[in-house]
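Please have the sequence and the model open beside you as I go through them.

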Amino acid sequence: MSSLLKTIFLDNPELPHEIYRFCNGLPDYVQARQAYLQAAGEVEQLLGPQRYLLYEDLLNRYIAAEERAFYLFGLQLRREVLAALGEGR
């Protein structure tokens, strides 16, 4: 990563606030967040705090793994498309 990109994206103390501000300007995000927080509170009451934290941790790991798999699938698909286009020359 270039030092400029590192400075802009990793060393920028304003970035988390800007992301938070941006997200809170999206009505769909705000609505989804509120619905999630309400449902999460209800599930935590049913399961108890320790079981809920375990569930949330496992769910977050699963979602992260799924997002990575989709990203890797997209990279592979892009390679295949570019290879196919290169063969057509």
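Predicted model: local features only at pLDDT ≥ 70, side-chain atom pairs only at ≥ 80, totals over all residues.

In what order do the elements of the protein chain run from the N terminus on? They run α-α-α-α, and the secondary structure comes to four helices and zero strands, where helices (H or I, at least four residues) and strands (E, at least two) are DSSP runs numbered from the N terminus. The radius of gyration of the protein chain is 20 Å, well over the 12 Å that the globule rule gives for 89 residues, so the chain is more spread out than a compact globule; the radius is taken over C-alpha atoms, and the rule is 2.2 Å times the number of residues to the power 0.38.

Residues are numbered from 1 along each chain as its sequence is written, and side-chain values use heavy atoms, with hydrogens and water left out.

Along its principal axes, the C-alpha trace spans about 60 × 30 × 25 Å. Of the 89 residues, 4% count as buried, and here buried means under 20% relative accessible area, exposed means over 50%, and partly exposed lies in between (1.4 Å probe, protein chains only). The chain exposes about 8,200 Å², with carbon and sulfur atoms supplying 62% of it; such areas come from the Shrake-Rupley method with a 1.4 Å probe, and for residues only the protein chains shown count as cover.

Let me turn to helix α3, which has 21 residues and reaches 30 Å from its first C-alpha to its last, close to the 30 Å expected at 1.5 Å a residue, the expected span being 1.5 Å times one less than the number of residues. Just after α3, G48 takes a positive phi of about 95°.

Which residues make the nonpolar surface patch of about 660 Å²? They are V43, L46, L47, Y55, L59, Y62 and I63, and the elements giving two or more residues are α3 (27-47) and α4 (49-87), with α4 giving the most, four residues. Patches are made of residues with over 30% relative accessible area and no salt bridge, like charges being joined within 9 Å and nonpolar side chains (Val, Leu, Ile, Met, Phe, Trp, Tyr) within 5 Å. L46, in helix α3, is exposed, with a relative accessible area of 75%.

Y55 is partly exposed at 43%, whereas Y52 is buried at 7%, and both lie in helix α4, three residues apart, about one turn of the helix. Their ring centres are 6.3 Å apart and their planes are at 45°, so the pair is tilted; rings of Phe, Tyr and Trp (its six-membered ring) pair if their centres lie within 6.5 Å, with planes under 30 degrees apart counted as stacked, over 60 as edge-to-face and the rest as tilted.

Finally, the structure holds two salt bridges, each a side-chain nitrogen of Lys or Arg within 4 Å of a carboxyl oxygen of Asp or Glu. E18 and R21 meet in one of them (2.9 Å, N to O), three residues apart in helix α2 (residues 15-23). D57 forms a salt bridge with R61, the closest N and O atoms being 3.0 Å apart, and these two are four residues apart in helix α4, about one helical turn.
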